[in-house]
Amino acid sequence: MDAAATGAVRVEKVRGRSALTQCFARYPLKLIAPSKVGPASCDAVWLYALTYGGGIVSGDTISCTVSVGDGCTVAITTQSSTKVYKAVGSKCSEQLLEARVGEDALLVVIPDPVTCFRTAQYYQKQVFQVFANSNLVLVDWFTSGRYESGEKWDFRFYKSVNHIFLGDQPLFIDSVLLEQGSNSTIAERMQEYNVIAMVVLLGPKLKHIQDQMQDEVRKLMSVQLRPPTSGGSRYAMRSQSSLHPQRPPLIASCSPFGHTGTGMVARVAAVSTESVYSFLRHHLAALEAFLGASPYSAS
């Protein structure tokens, strides 16, 4: 374990079941492993990642390693949104996660969104090492801030990096960067949208969830983005509303990745946090068969 790590988790097979064999955390990270989340027949370890004080203070660095043994199932979540408090000077808050997912194993990372307060600066990097038959669910999402209180895209800097490696070969590389610019603010670029989300599904166990999500997102967007039709002739002048159509409250897309299409990434932009919770609840509900409980069911 890295001497600078604030957390380390190891899950291995013990007497044929997934078991937590290492769980270390120190300030500002706290890890809670409930003894029972789903039915006794379900073979999954759940972990809740918390921070003291209910958020990440300016200058804090949280660094955690996770090892999921062959054939094991692990779900990592949070109890509420990850709050990033305002920056003191130029200090940046950081979260780093390194995870190894064994053969035929399943790691499900399903946090609540990151919410950056006014002037906050936040950097996050997550690296996953997988095998050809590993399975990974990754939800990475953030809000515009405390937008119901009037803070909307008021943070200074947000960057999230996600890397997935198959052996030493990069399988998925993604980076999101938002910072206040001299030409335009983040709020001006984001328009009315308050939530940005990414969902990664990788591995043979998740193929049916991938297929269903792609099919349903395709149908949803074909309806949402279909241009309005005029009841008159094909040469009739379009109405003012068709010239300036209202943006849908939720936009989503799905794209496969990997040499054989074993992975899929979905991207979502939405006006409200609740609409993304509903999206995640619906599309990840089938994970209950693996986890013993449906993701985001209590949200």
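How many of the five residues of strand β10 (residues 106–110) are buried?

## A covered strand

Five of five: β10 is mostly covered. Buried here means under 20% relative accessible area, exposed means over 50%, and partly exposed lies in between (1.4 Å probe, protein chains only). Strands (E, at least two residues) and helices (H or I, at least four) are DSSP runs, numbered from the N terminus. From β10, L106, V108 and I110 point one way while L107 and V109 point the other way, and all are buried.

Before going on, a word on the source: this is a predicted model, where local features need pLDDT of at least 70, side-chain atom pairs count only at pLDDT 80 or more, and totals for chains, interfaces and linings use all residues. Residues are numbered from 1 along each chain as its sequence is written, and side-chain values use heavy atoms, with hydrogens and water left out.

## Strands side by side

Two strands pair if DSSP finds at least two bridges between them. β10 runs parallel to β7, joined by five bridges, and I76 has V109 in β10 as its bridge partner. With β13, β10 pairs in the parallel sense over four bridges; here V108 has V137 in β13 as its bridge partner.

β6 is also mostly covered, with six of its eight residues buried. Strand β1 (residues 7–14) pairs with β6 in the parallel sense over five bridges, and V11 stands opposite V68 in β6. β6 and β9 are parallel too, paired over eight bridges, with S67 opposite R100 in β9.

## The largest pocket

Rolling a probe the size of a water molecule over the atoms shows where empty space is left. On a 1 Å grid over the protein atoms alone, a pocket is an open set of points where a 1.4 Å probe fits, with protein on both sides within 12 Å along at least five of seven lines; lining residues have an atom within 4 Å of a point. The largest pocket has a volume of about 580 Å³, a volume being the space filled by probe spheres set on the points, which are joined across faces, edges and corners.

The lining holds 34 residues, and A49, T78, T82, Q95 and P111 lie nearest the pocket centre. Among the elements that give two or more residues to this lining are β3 (29–32), β6 (61–68) and β12 (121–130). The largest share, four residues, comes from β4. By class, the lining has 18 nonpolar (Ala, Val, Leu, Ile, Met, Phe, Trp, Tyr, Cys and Pro), four charged (Asp, Glu, Lys and Arg) and 12 polar residues (the others, Gly among them).

## Rings in pairs

The structure holds 12 aromatic pairs. Rings of Phe, Tyr and Trp (its six-membered ring) pair if their centres lie within 6.5 Å; planes under 30 degrees apart count as stacked, over 60 as edge-to-face and the rest as tilted. The ring centres of W46 and Y48 are 6.5 Å apart and their planes are at 25°, so this pair is stacked. W46 counts as buried because its relative accessibility is 7%, whereas Y48, at 21%, counts as partly exposed.

Y277 and Y296 have ring centres 5.8 Å apart and planes at 65°, so they are edge-to-face. Because Y277 lies in helix α4 (residues 273–283) and Y296 in the segment after α5 (288–291), the pair ties together parts 19 residues apart in sequence. Both Y277 and Y296 are buried. Elsewhere, ring pairs link Y122, F142, W153, F155 and Y158 into a cluster.
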